[in-house]
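Welcome! Please take a look at the sequence and the structure below, and then read on for a short tour.

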Amino acid sequence: MKIEAIHMREVNMPLAYPFETSFGVTTGRRILLVELVGDGISAWGECVAGEHPYFSDEMVDTAWHITETELAPRLLGKEIESGRDCAGLFEQVRGHRMAKAALENAVWDMDAQRQGLPLSTLLGGTRTSIPCGVSIGIQPSPAVLMEKIAKEVAAGYQRVKLKCKPGWDVAIFEEVRSRWPDIMLSCDANSAYKLDDADHIASWDRFNLLMIEQPLWYDDFYFHARLQKRLGTRICLDECIRNRRDARAALELDSGRIINIKVGRVGGFTEAIAIHNVCQEFGIPVWCGGMLETGIGRSHNIALSSLPNFSLPGDVSASKRYWTEDIIEPEVVVSASGEIAVPTTPGRGYEVVRERVEEITVRRQTVRA
Ligand code: OSB
Ligand code: MG
């Protein structure tokens with residue numbers, strides 16, 4: 001494959017519902033999309049960096065800058081065999097994994113189209129459908145949260161994850177468990193707690209949570225290991241796992257017993273697959289996280305989730321939970337049993353709706369060889 005042009009664009013999309021985490025509220029997304037053109041094929045990637053550097057140190061504007069000035073020039077005009085070549089081409093650039101992932105994932109997308117294979121097959125996927133969960137943000141009141149949960153459970157989602165923080169935890173878990181004693185339930189603190197909260201967090205064991213996601217610092221796995229020793233409930237690591245070495249170190253330390261793989265957070269499909277494999281070797285299940293993606297990133301998450309060790313329901317859910325109108329066709333739908341069918345057509349399996357993308361584009365730039 002030879003990439004002749006990289007079209008960068010920023011799209012602005014209002015969220016159908018505001019999303020609140022311990023680090024802030026998001027009402028609309030600014031998203032960097034990349035379109036790679038080469039060998040008569042058009043392939044897409046989505047950068048999951050947020051509007052602010054609150055989840056990680058990346059954000060839309062840094063990703064835009066690095067893509068334009070550092071990454072795109074390293075990719076253009078080169079003879080590329082596969083998405084696996086990207087890590088080597090980008091090696092000199094430290095960090096900026098979300099920016100790297102957008103390009104690398106688009107290269108995999110291009111390769112899948114070129115070979116006439118579903119992206120899931122190219123990645124090594126074996127599942128024909130993936131189990132889905134939902135991530136529910138912090139709500140204006142407990143009553144509003146209960147309504148949201150009722151709606152998602154009725155829609156068939158297999159696991160409910162609640163965003164939590166000090167003051168939005170025990171009382172919420174009590175109420176949810178009294179109403180739904182048996183649903184698969186987890187929580188995600190996005191680093192809202194300290195090791196001094198260990199006794200408080202240990203008291204959550206009575207709620208029979210599937211996992212507690214990233215309770216402590218975003219860049220830590222040592223103190224997570226100390227916390228894990230105090231808990232019956234499994235810790236799930238998200239923010240702190242950047243690559244396969246982190247995964248191995250965290251599992252050797254017993255910092256957590258489940259890993260959330262976000263392809264953007266780890267720099268692309270190659271590293272995501274490597275982390276999946278390390279976890280498999282340790283007998284640790286993984287699931288695919290979400291970053292409020294459009295249908296482009298979502299379709300890539302579906303393909304990744306088809307790998308065998310993605311055995312827990314992920315945060316990959318229906319387009320309509322995020323957008324009144326998605327930018328792919330068909331939009332992503334979830335069955336009454338809480339599953340998404342993995343596409344069997346070549347490439348990502350969903351068409352980009354160009355007219356819609358044009359309408360919401362607020363900035364564009366083309367980089368050529
Ligand atoms: O920690 O998993 C997270 C959204 C934005 C940033 C971080 C996270 C999330 C989610 C939402 O939990 C997952 C989704 O539904 O896309
Ligand atoms: Mg998380």
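A polar side-chain atom of Lys 163 lies 3.0 Å from an oxygen atom of ligand 1, a polar contact (a pair of N or O atoms within 3.5 Å). This is a predicted model, where local features need pLDDT of at least 70 and side-chain atom pairs pLDDT 80 or more, while totals for chains, interfaces and linings use all residues. Residues are numbered from 1 along each chain as its sequence is written, ligands are numbered from 1 in the order in which they are written, and side-chain values use heavy atoms, leaving out hydrogens and water.

**Around the ligand**
- Asn 190 has a polar side-chain atom 2.8 Å from an oxygen atom of ligand 1, and for Tyr 322 the distance to an oxygen atom of ligand 1 is 2.4 Å.
- Taken alone, ligand 1 exposes 390 Å², and the protein buries 97% of that (Shrake-Rupley method, 1.4 Å probe).
- The shell around ligand 1 holds six nonpolar, three polar and seven charged residues; Asp, Glu, Lys and Arg count as charged, Ala, Val, Leu, Ile, Met, Phe, Trp, Tyr, Cys and Pro as nonpolar, and the others as polar.

**The two domains**
- The domain assignment gives domain 1 (5–116 + 350–368) and domain 2 (122–341), with bounds from an automatic or database assignment.
- Each of these two domains gives at least three residues to the shell around ligand 1.
- The C-alpha centres of domain 1 and domain 2 lie 23 Å apart.
- In domain 1, 39 residues are in contact with 51 residues of domain 2 (heavy atoms within 4.5 Å).

Notes
Polar contact = N/O pair within 3.5 Å; in protein donor to acceptor, adjacent residues only side chain to side chain.
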